Amino acid sequence: MISYGFKQRIASVVVYIFLAVMAFLSIFPFLWMVIGATNTTSDIVKGKMTFGEAVVANATTFFTQVNAPLIFWNSAKITIIATVLTLLISSLAGYGFEIFSSRFREKLYTLMLLSLMIPFAALMIPLFMLMGKFGLINTHIAVVLPTVASAFIIFYFRQSTKAFPHELRDAARVDGLKEWQIFFLIYMPVMRSTYAAAFIIVFMTAWNSYLWPLIVLQSNETKTITLVISSLGSAYYPDYGVVMIGTVLATIPTLFVFFAMQRQFVEGMLGSVK
Amino acid sequence: MSAISTRPKRPRFDVNGWLFVGPALALIAIFMVFPILHSLWMSFQSGLGMRLSFAGLKNIYRLFNDPLFLMALTNTFIFFLVQVPVMLTLALITAALLNNPDIKFRGVLRTAIFLPCVTSLVAYTVLFKSMFVANGLVNTVLINLGIVNVGIPWMTDPFWCRVMIIIAITWRWTGYNMIFYLAAMQNIDRSVYEAARIDGVPTWARFVSLTVPMLKPVILFTTVTSTIGTLQLFDEVSTITGGGSAGGAAGPGNSALTLSLYIYNLTFKFAPNLGYAATVSYVIVLLVAILSFLQFYAARERKA
């Protein structure tokens, strides 16, 4: 007869083993990436799990094959422009939807939320043709423009604006501030944690985006780090040591943002269920 | 008087409101509404490149006789039907275990399991590709553990290629979905659990009959978003197989050809047929709509 306490202990051991395995499997590819960057490709495809001495050789090959400063600048430029514009335009809209009333407000808002369900595959061909008409193919602004009015971020800002104290706004109106002054001088500073969470989501999405840049950016001078990793890594026999250098470099910014703003990150992901 | 009664606002035309939402609405109209309508119009046209002419329902007939489309549809459904339930179950179980305040290192474990979310889809796919090569890490470990005698042909066998892709996607998104469940679980009243525990309801029964029903809205949310995500699968299959950017077949026997990848190939590879590509893209729109509706419907039924 097994006692209750013994059964409990077995159960808790099983729980810890399960969670430890999950955590290990989640972290392992990061470890593999860093170790891989120090090994030759022939060692990587043999599954070598110890640090090697090829890091300098890999990095040298990477930096001769890829114009790394330009590629990173492209990624950074796209990410910065996308983040600033998306935060501005989508927060204006989220605030506007919540604060001001008009006849079609809720209908427009529902329609906008429905657009979240439209798969990008259904948009990419007409979008590509549209960008061709505008003469924007192979430009970074074409990568950014369709992402700026993000229904998800607008939704997130509208939800968060419900917590913005309307007394503040009323007091500002009494003081004679114009509506745009209230937004930029009062709303933005008060809602900075909302902006922080939205920042992380937009930053990650822009930095990691792939399909749309793949379509729009056609010359090597405009490509982003994600596109470069993909073209290095999708060869039939990729030079993995070199690709690993690229993935490490491409992951550092997002890891940095994640650890610097972890609390807001989790809150940001949860913005939609609150 | 009027200053006090401003709260229940009467709908009226407010210039300020339009100024605030205007830029976003204009951008959505140009880059979302116009393209989706344009795409609908294109789906009834046919021809090479930009020279399209009206074709009526020809594209729809073509769908049913196109082995590549049927392959892409089948693959997309396999990924959706296998991957989404596996991932969400795993996420739900992990969240339930991590929700126990007595667990040590909760924060560390949660961060670790969530970490895959920060990687780009392309970067993690390359990592998985390098781990699953013929004599690579995964096969070495499996052979050494005695699970298999000969290495699994991940990259050359259609079945195992799909398994590899499902493992990769599950790795990337389980932690993401877990966070939603954890947040929702934090809102559940602890006393309900306590009462059930005192009544002698076993742990697994509490999970099935208490936790899962109370999480229904969040489970619905994650199911719908995961469905949309899986039906649009592109980055991973494109990078693993080189089928998107390098051309050629998408994986062994096109086993990794998804609808999005097929649309991309129809548009930018071979002889581009934009009209037919638009028709295939509307298949995704239709599937998303139908599946989301079914999921909402199923969730509503159980509530009654």
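# Questions about a two-chain model

Visitor: Where does B:Phe105 lie in chain B?
Guide: B:Phe105 sits in the loop between helix 3 (67-98) and helix 4 (106-114) of chain B. The model is predicted, and the values below are computed from it.

Visitor: What makes the phi of B:Phe105 worth noting?
Guide: Phi is near 60° at B:Phe105, a positive value in a residue other than glycine.

Visitor: Why is B:Phe105 called partly exposed?
Guide: A residue is buried with 20 or more other C-beta atoms within 10 Å of its own and exposed with 12 or fewer, and what falls in between is partly exposed. B:Phe105 has 13 other C-beta atoms within 10 Å, so B:Phe105 is partly exposed.

Visitor: What is the phi of A:Asn138 in chain A?
Guide: A:Asn138 is not a glycine, and yet its phi is positive, at about 70°. A:Asn138 is found in the loop between helix 6 and helix 7 (140-148) of chain A.

Visitor: How do you know whether A:Asn138 is buried, exposed or partly exposed?
Guide: The count for A:Asn138 is 15 other C-beta atoms within 10 Å. Buried needs 20 or more and exposed needs 12 or fewer, so A:Asn138 is classed as partly exposed.

Visitor: What makes helix 6 of chain A roughly perpendicular to helix 1 of chain B?
Guide: Two packed helices are described by the angle between their axes and the distance between the axes. For helix 6 (residues 121-134) of chain A and helix 1 of chain B, the angle is about 105° and the axes are 8 Å apart. Angles of 65 to 115 degrees count as roughly perpendicular, so the pair of helix 6 of chain A and helix 1 of chain B falls in that class.

Visitor: Which residues make the contact between helix 6 of chain A and helix 1 of chain B?
Guide: From helix 6 of chain A come A:Ala122, A:Leu123, A:Ile125, A:Pro126, A:Leu127 and A:Leu130. Helix 1 of chain B supplies B:Phe31, B:Met32, B:Pro35, B:Ile36, B:His38, B:Ser39 and B:Met42. By class, the residues of this contact are 11 nonpolar, 2 polar and no charged.

Visitor: How many residues of chain A are in contact with chain B?
Guide: 74 residues of chain A contact 78 residues of chain B. On the chain A side, helix 1 of chain A gives the largest share, with 13 residues. That side of chain A has 53 nonpolar, 18 polar and 3 charged residues.

Visitor: Why is chain A called more spread out than a compact globule?
Guide: The secondary structure of chain A comes to 15 helices and 0 strands. For its 274 residues the globule rule gives 19 Å, whereas the radius of gyration is 24 Å, well over that value, so chain A is more spread out than a compact globule. Along the principal axes, the C-alpha atoms of chain A fill a box of roughly 75 × 70 × 35 Å. Of the residues of chain A, 44% count as buried.

Visitor: What domains are assigned in chain A, and how far apart are their centres?
Guide: The domain assignment gives domain 1 (4-58) and domain 2 (67-270) of chain A, with C-alpha centres 32 Å apart. The contact between them uses 11 residues of domain 1 of chain A and 8 residues of domain 2 of chain A. Helix 1 of chain A gives the most to the domain 1 side, with 4 residues. The residues of that domain 1 side are 6 nonpolar, 5 polar and no charged.

Visitor: What does the domain assignment give for chain B?
Guide: Chain B is assigned domain 1 (14-54) and domain 2 (60-303), and 30 Å separate their C-alpha centres. Each domain of chain B puts 10 residues into the contact. Helix 1 of chain B gives the most to the domain 1 side, with 3 residues. The secondary structure of chain B comes to 13 helices and 2 strands, and 41% of its 304 residues count as buried.

Methods
Residues numbered from 1 in each chain as written. Chains lettered and ligands numbered in written order. Predicted model: local features only at pLDDT ≥ 70, side-chain atom pairs only at ≥ 80, totals over all residues. Domains from an automatic or database assignment. Contact = placed C-beta atoms within 7 Å. Nonpolar A, V, L, I, M, F, W, Y, C, P; charged D, E, K, R; others polar. Rg over C-alpha atoms; globule rule 2.2 N^0.38 Å. Axes fitted to C-alpha atoms, helices over the stretch in contact; angles between N-to-C directions. Parallel < 35°, antiparallel > 145°, perpendicular 65-115°, else oblique.
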